[in-house]
Amino acid sequence: RSLCQGESICRSTRGSCRGLIHSAGAQSQLYSPQPAFAGYNGMVHGLTPFRIAAVLWWQGEANVHQPARYRCWLKELITDYRAAWGAPLPFAVVQLSAAPRETTPGLFPFLREAQEEVAKSIPGVALVCTIDIGSPQYVHPLSQTEVAHRMVAALSPMLYNTSSVDSEGPVIASAFCDVCNGTAVLVVLFSEPVFHVGSRSCVACCAASPW
């Protein structure tokens, strides 16, 4: 998965990317009782002498039972990483995608909310939304290339000053319940137009995107 994403990111940056450092473990928690040498010291600390452009953070499934603590831990991690490198490193935080029904039902939305709050509260942190490309069989999206493209789009304004790139999806502005012909209806209003897949507006929007 990481190899596929790395290749996609390097292609998407059109030569600006000089390489990626993979430092991750399967089913890892943001905070874990395991010894420090097995986590930060063993996988991150040795990289601090190297100059890096940004951090791609994709993790959270193992912490869905701790959304409130996760919010604090992620803030502390970003602060600590920036202190370790001595630079205001940009972060791309990949928000949890839609998960299979049998996987901790009802908990993923709270973790997504924690990730969004961190991205909004700390400068230089971009949120990468993947809820629309989730898989009904797996926790992670099947299209790793699409996730990589969204990471690049989210980081481009901070790294390459490409302000024309729209990397954020529509945000819910308000929601309310209404009654139509005796049926309760949930009305959701977004901050910008939302186009249905396959519609003329959607096709035109995708055709104009540089990604």
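The model is predicted, so local features need pLDDT of at least 70 and side-chain atom pairs pLDDT 80 or more, while totals for chains, interfaces and linings use all residues. Residues are numbered from 1 along each chain as its sequence is written, and side-chain values use heavy atoms, without hydrogens and water.

Select W57, L74, L77, I78, Y81, F91 and V125 to begin. These residues have the most contacts inside the largest nonpolar core, which has 21 residues. A nonpolar core joins buried Ala, Val, Leu, Ile, Met, Phe, Trp, Tyr and Cys residues through side-chain atoms within 4.5 Å; buried means under 20% relative accessible area, exposed over 50%, and partly exposed in between (1.4 Å probe, protein chains only). Two or more residues each come from β1 (55–57), α3 (67–85), β2 (91–94) and α4 (108–121). Helices (H or I, at least four residues) and strands (E, at least two) are DSSP runs, numbered from the N terminus.

Next, select V94, A126, I133 and M151. They are among the 10 residues of another core, apart from the largest one.

Now turn to strand β4 (residues 172–180), which holds I172. I172 counts as exposed, because its relative accessibility is 53%. Of the 9 residues of β4, the number buried is 0, so the strand lies largely in the open.

β4 and β5 pair in the antiparallel sense over 8 bridges; pairing requires at least two bridges found by DSSP. C180 has T183 in β5 as its bridge partner. The two strands form a hairpin with 2 residues between them, and N181 in the turn has a positive phi of about 55°.
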